[in-house]
Amino acid sequence: QLLARLAQVLILCSIADPSVMGEITRSPLELPCGVKLPNRLVKAAMTEGLADPLSRPGEELFKLYRTWGEGGCGAMITGNIQIDRRYMERPGNVAIEPSSANDQALLDSLKKMAEAGKCEGSAFIVQLGHAGRQTTYMVNKHPVGPSAVKSQPIGLPMGDPRAMTLGEIRDAVSRFATAAKVCRDAGFDGVQLHAAHGYLLSSFLAPRANRRTDEYGGTLDNRARFLLEAVKEAKQAVSGEGPPFAVGVKLNCSDFLKGGLEHDEAIQVARWLEDAGIDFIEVSGGSYENPSMMLGPEAFKDMTSVRSLGTSTQIREAYFLHFAKDIKAALSKTPVMVTGGFRSKQVMEAALAGGDADMIGLGRPLCGMPDACKRMLKGEIDTMPRYEGEDLRLPWYLSWLQYVMVGNLIKLGATQAWTCNSIIRMGQGKPPTTEVNLLGGIKEYEKHDQDKARALLNLDTTGSFTNAPTKKGCCKRKKEADGDQLR
């Protein structure tokens, strides 16, 4: 271990010269399946909320991914595309369901989206998800989960979930496989199964949410069964002749909650995923109940039992790298992507040079500067801009909030609203804004999603806005669009 640490120090010293920095970041990477990334910077998944009333991509998503596709990333991962429209994390999610293979309009729009994102050679990967017990209340007040245990995020209404039946679990596994096949047919380069942040696959891993006594609950190998079955069937669905196609997983390094997935358990799940032939693992952390993925575990340490990680620049920036190191060390061949807080070229290079990560995941910087990757790779910038909640300036009469947990939660809401509103602007062909409006931004974001929820078609759910009763006691529109059927 001493020799390994000495080698890392020597590497870090060697990249201290600005003329050398960037060589590793610019180097290509080939995933085990054969998909090639031209560099190590990856646009991580961020919710877009721009689908049409039938949950299909349209011009706004084409414009958005063309903008990001021209921005110099080695790869891009979409916001989570749902495998079941009834259980969306946001009303404007794109969805791919079992009937999608026969929906030519959806297939054509997915092909256009893939072409837009790959316009300058980036690998383009679809994140596939199921919101589970974190289903947006706007669309469905009756979510499902591993058990009837309600998610309790601060400030967000959630429905009371019911436990999924064995048949529903097997149906979801099949849906992941079907969606992966559709994505391959549409011309994407891979899929990433979302098993982080408290969504369905993630919740099955966590004893806090999973109280099952059958083969999908109890021991870690049982709790991981759903994920591993989904990976296996997805890989089978995309096997065969044709261009290489990746199957990856987004995994929490820890849920940072008592009763959640623990770090040592995440390491073991990562080993099983490698045995299953996964092409990459993205390391993140947190959930709606502890949104560490937004500002890092340190911002919400009072909500958890997580120890303080210190205050070094690397830890403050790359807040999951400390945990990703352990996961990377447990694997022999699977590339690891680390997302969360990276901003400076020096910290990115150090993570790559030290062997702690193979890819750097980036989110918010690309919402204010969509070509930040290209600029950094060209040496025009050494640090990507920060649009973080901790940089917000509260009005003087609210300045005291910065010293309490509530302040972090308010900043979190404003940060998320700014991120979503910037993505919406780019989809509309407008330049992203770099101004964060603390209260107005949240209101704008909520109105957008409420309008999207009201507009959804062919959906047999009842939410606070989708198919919600009107004052006259009838239901808001629950109609079909020109004969198009998704369900």
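Modeller: C253 has 0% relative accessibility and therefore counts as buried; the cut-off is under 20% relative accessible area, with exposed over 50% and partly exposed in between (1.4 Å probe, protein chains only). C119, at 36%, counts as partly exposed. A search of the whole structure finds 0 disulfides, a disulfide being a pair of cysteine sulfur atoms within 2.5 Å.

This is a predicted model, in which local features need pLDDT of at least 70 and side-chain atom pairs count only at pLDDT 80 or more, while totals for chains, interfaces and linings use all residues. Residues are numbered from 1 along each chain as its sequence is written, and side-chain values use heavy atoms, with hydrogens and water left out.

The helix to look at is helix 8, residues 225-237; helices (H or I, at least four residues) and strands (E, at least two) are DSSP runs, numbered from the N terminus. Helix 8 has 13 residues and spans 18 Å from first C-alpha to last, close to the expected 18 Å, which is 1.5 Å times one less than its number of residues. Its buried residues are F226, L227, A230, V231 and A234. These lie on the same side of helix 8, because they cover an arc of only 135° around the axis, taken from the directions from the helix axis to the C-beta atoms. They pack against helix 5, strand 9 (190-195), helix 6 (200-205), helix 7 (220-223), strand 10 (246-252) and helix 9 (263-275), where contact means heavy atoms within 4.5 Å.

Now the core. The largest nonpolar core has 99 residues, and W68 and L128 have the most contacts inside it; such a core is a set of buried Ala, Val, Leu, Ile, Met, Phe, Trp, Tyr and Cys residues joined through side-chain atoms within 4.5 Å. Helix 5 (residues 166-185), one of the partners of helix 8, gives this core the most, 8 residues. A second, separate core of 15 residues includes A75, A246, F280 and M337. Beyond four places in sequence, the contacts of L128 include F176, A179, A180 and C183, as well as V191 and L193.

As for caution, the chain averages a pLDDT of 86, and 80% of the residues score at least 70; pLDDT is the predictor's confidence in each residue, from 0 to 100. Residues 1-21 stay under 50, with 16 contacts beyond four places in sequence. Residues 302-315 are also below 50, and this stretch has 31 contacts beyond near neighbours in sequence.
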